[in-house]
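Work through the following exercises with the coordinates open beside the text.

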Amino acid sequence: MSQSLAPAVTGIRLSLHVLAATIWVGGQFTVAGLLPTVRGLGADAPRAVARALARLLWPAYAVLVATGFWSVAAIPSASETMAWKVVLGVKIGVVALAGIATWLHGRSRSPGAVAVWGAIGGISSVAALVIGVFLAG
Ligand code: HEM
């Protein structure tokens, strides 16, 4: 079977979606991994890094939502099976949960709430990524 290249516009749409996913998911993992080092830099350092991270994460989230709906519009509905549509619906819910949990994580003050919302945000972000790979087929 021959493997063909994606059309240019599809390539741009998916590249933007995947680039934003690397920033949204990878940014969370990278900063979580760097946190012990950041804590050693001073009491104010974690909050300053969290603010800087938010300036990267939220534009990436906006790009994910915009390019995600662009994909939904671009994919011919005749090619979408019922299972694909159900999984897309699940993904939209998981993406909303990821956004809400990450936002609450940033606003929380107690260490328990910071940890719980951070974990929910991280797990649901990875779930959205995995579901996306299955949607791409
Ligand atoms: C946290 C947010 C999100 C993450 C991490 C994410 C991640 C991904 C990834 C990694 C892919 C696979 C791309 C590929 O293999 O080429 C994908 C595909 C896809 N995503 Fe997302 N996504 C997010 C949000 C959204 C939203 C909000 C929507 C729709 C409203 C959406 C709709 C889609 C669709 C339809 C595909 C398949 C595209 C195609 O086959 O052309 N995504 N996503």
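A crossing of two helices is called left-handed if the near helix is turned anticlockwise from the far one by less than a right angle, and right-handed if it is turned clockwise. With that convention in hand, the exercises below concern a predicted model.

**Exercise 1. Describe the overall make-up of the chain, from its secondary structure to its extent in space.**

Step 1: counting the elements gives 4 helices and 0 strands, and reading along the sequence gives the pattern α-α-α-α.
Step 2: taken along the principal axes, the C-alpha atoms occupy a box of roughly 55 × 25 × 25 Å.
Step 3: the chain has 137 residues, of which 15% count as buried.

**Exercise 2. Determine how H1 packs against H2, including the direction, the handedness and the residue classes of the contact.**

Step 1: two packed helices are described by the angle between their axes and by the distance between those axes.
Step 2: for H1, residues 8-39, and H2, residues 45-74, the angle is about 160 degrees and the axes are 8 Å apart. Because angles over 145 degrees count as roughly antiparallel, H1 is roughly antiparallel to H2.
Step 3: the crossing of H1 and H2 is left-handed.

**Exercise 3. Carry out the corresponding analysis for H3 and H4.**

Step 1: H3 covers residues 82-107 and H4 covers residues 111-136, and the two pack at an angle of about 155 degrees with their axes 8 Å apart. That angle makes H3 roughly antiparallel to H4.
Step 2: by the convention stated at the outset, H3 passes H4 in a left-handed crossing.
Step 3: the contact of H3 with H4 comprises 18 nonpolar, 7 polar and 1 charged residues.

**Exercise 4. Identify the residues through which H1 meets H4, and characterise their crossing.**

Step 1: the axes of H1 and H4 come within 10 Å and cross at roughly 145 degrees, and the crossing of H1 and H4 is left-handed.
Step 2: on the H1 side the residues are Ala-21, Trp-24, Val-25 and Gln-28, which meet Gly-121, Gly-122, Ser-125, Val-126 and Leu-129 in H4.
Step 3: by class, the contact of H1 with H4 has 5 nonpolar and 4 polar residues, with no charged ones.

**Exercise 5. Is Ala-78 buried or exposed?**

Step 1: Ala-78 is placed in the loop between H2 and H3.
Step 2: Because Ala-78 has 5 C-beta neighbours inside 10 Å, Ala-78 counts as exposed.
Step 3: to locate this residue relative to another part of the chain, note that Ala-78 and Thr-22 are 56 residues apart in sequence and 30 Å apart in space, C-alpha to C-alpha.

Methods. Residues numbered from 1 in each chain as written. Predicted model: local features only at pLDDT ≥ 70, side-chain atom pairs only at ≥ 80, totals over all residues. Axes fitted to C-alpha atoms, helices over the stretch in contact; angles between N-to-C directions. Parallel < 35°, antiparallel > 145°, perpendicular 65-115°, else oblique. Nonpolar A, V, L, I, M, F, W, Y, C, P; charged D, E, K, R; others polar. Buried ≥ 20, exposed ≤ 12 C-beta atoms within 10 Å, placed from the backbone. Contact = placed C-beta atoms within 7 Å.
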